[in-house]
Amino acid sequence: MGEVYDEFKEELKVIASKYQNSPLKEMDILLHIALEREELVTTSYRTEFLSGNIEKLPLSKEIKELFRHALIWVWKDEDMHTVYTRGALVKTSSYFERIKIFLSQFQGFVGGWAGSMVQHLKWWQAPIAVSLARFILFMGRISGKVTEGISKEMKFGSFKRFCYFNIDAEKTAGICWDRILVLAKSDPRFDENSIEDFKRIAFDEKRHKRIFQIIYDALDDQDELIEGVEATDIIEKIREVSEYFLPKSLRGKNQESYLGEGGKVWSFRNTNKEVDKTDFFDSAIQKIDLEEVLKEKCHTLSKKIENMDVVIKTTFSMGYDQKDFSPLVDPKTLEHICLYLNKLGVSKIKVIDIDTIYGNFFENRDVNSLAKYYNFQSDYYEVINASK
């Protein structure tokens with residue numbers, strides 16, 4: 001594709017040749033490279049860096065929203081990749097090696113910040129920040145961390161040019177994760193779940209490349225839409241990658257079962273410390289139309305309420321200690337909600353949560369173990385692991 005990709009491809013060959021008899025060492029080096037790179041793009045794709053430039057593009061509001069949403073979703077993916085890559089390294093490293101992990105991530109953050117400054121801002125807009133960023137990149141060039149190909153791209157330019165650079169960057173990430181995936185299959189430190197996660201990251205990087213390619217192909221050198229390109233063309237091309245890169249209003253949906261649309265959200269706060277939480281709940285529940293919603297749903301499905309399945313999505317899989325319930329839904333309040341539903345006639349209640357990434361690094365982190373640990377057990381509901 002470009003010089004950055006060609007340079008990285010050669011670097012991978014050198015690493016593979018040097019450690020051909022030490023695949024575990026090669027794996028560690030590639031994971032450090034991946035962590036630095038994931039942190040770099042997580043920083044440079046942040047909304048505060050991109051939204052301003054997108055807003056200035058000479059495009060319609062609709063097109064700018066398409067670009068903005070697609071790149072926000074790319075950023076979310078990359079942020080998740082950073083967390084996972086760091087976790088994979090921590091899992092395979094000694095205590096002292098973890099200092100290197102921190103340094104890799106910190107270098108990625110610094111590189112991402114510096115690159116964003118020089119690519120998105122002119123010197124007069126932020127003279128101190130841009131000057132510091134240029135100095136950081138200069139030192140990176142001297143130390144060998146910033147290659148000649150990257151150095152050429154580290155300057156203010158069009159949004160189209162920014163996308164061109166990131167097509168190259170995403171392609172380098174793709175081949176890095178492809179190599180990690182090959183090594184992971186014979187690395188005893190990684191199980192099948194980890195390998196599936198590596199596959200997902202490699203897949204994500206290829207999707208990100210396609211998103212940047214779509215934006216690049218739609219713009220001319222003045223960041224205007226190329227003649228003949230319409231919003232519908234861009235929407236359909238993004239849809240081919242994944243509907244998640246489109247704004248919610250443009251995603252296909254089943255009106256009967258689509259979640260998160262059309263309902264009301266109720267929020268109540270108990271400011272009186274003398275009022276018990278269950279008593280407060282009883283007073284609050286009378287102010288909402290939950291019972292009526294259940295009756296309407298029964299009518300729609302032609303079911304009696306005792307034959308209805310009610311699912312409650314709760315949170316306890318992010319907890320870490322019985323002394324701190326702040327990341328959790330209160331089990332007593334949950335029990336009270338289920339008792340309320342039971343009195344209405346609902347007899348089949350499922351309380352669901354999902355396994356988290358912490359389960360890859362610690363024992364007893366599955367949903368059922370955590371439910372038992374935090375006492376999410378009741379005669380009124382059944383705990384379900386939604387991951388399965």
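This is a predicted model: local features need pLDDT of at least 70, side-chain atom pairs count only at pLDDT 80 or more; totals for chains, interfaces and linings use all residues.

Me: Where is L103 found?

Reply: L103 is found in helix α5, which covers residues 97–120.

Me: And which residues form the nonpolar patch with it on the surface?

Reply: L103 forms the patch with I99, F102, F106 and F109. Together, these five residues have about 500 Å² of accessible area.

Me: Changing topic: how many salt bridges does a search of the whole structure find?

Reply: The search finds 21 salt bridges. In general, side chains of opposite charge can pair when their charged atoms come close.

Me: Which residue does E26 meet in a salt bridge?

Reply: The side chain of E26 meets that of R179, with N and O 2.9 Å apart. E26 belongs to helix α2 (residues 23–44) and R179 to helix α8 (residues 159–184), so this pair ties together parts that are 153 residues apart in sequence.

Me: Why is E26 called buried?

Reply: E26 is called buried because its relative accessible area is 2%, and buried means under 20%.

Me: What about D28, which residue forms a salt bridge with it?

Reply: That residue is R189, and the closest N and O atoms of the two are 3.1 Å apart. This pair also links distant parts of the chain: D28 is in helix α2, R189 is in the loop between α8 and α9 (192–218), and 161 residues separate them.

Me: Are R189 and D28 buried or partly exposed?

Reply: R189 is partly exposed, with 23% relative accessibility. D28 is partly exposed too, with a relative accessible area of 22%.

Me: And which side chain does K206 meet in a salt bridge?

Reply: K206 meets D178, at 3.1 Å from N to O. Since K206 lies in helix α9 and D178 in helix α8, the pair ties together parts that are 28 residues apart in sequence. K206 is partly exposed at 39% relative accessible area, and D178 is partly exposed at 32%.

Me: Last one: which residues do salt bridges with shared partners join into one network?

Reply: The network consists of R37, E38, E78, E170 and E205, joined by salt bridges that share partners.

Methods:
Residues are numbered from 1 along each chain as its sequence is written. Side-chain values use heavy atoms; hydrogens and water are left out. Patches are made of residues with over 30% relative accessible area and no salt bridge: like charges are joined within 9 Å, nonpolar side chains (Val, Leu, Ile, Met, Phe, Trp, Tyr) within 5 Å. Accessible areas come from the Shrake-Rupley method with a 1.4 Å probe; for residues, only the protein chains shown count as cover. A salt bridge is a side-chain nitrogen of Lys or Arg within 4 Å of a carboxyl oxygen of Asp or Glu. Helices (H or I, at least four residues) and strands (E, at least two) are DSSP runs, numbered from the N terminus. Buried means under 20% relative accessible area, exposed over 50%, partly exposed in between (1.4 Å probe, protein chains only).
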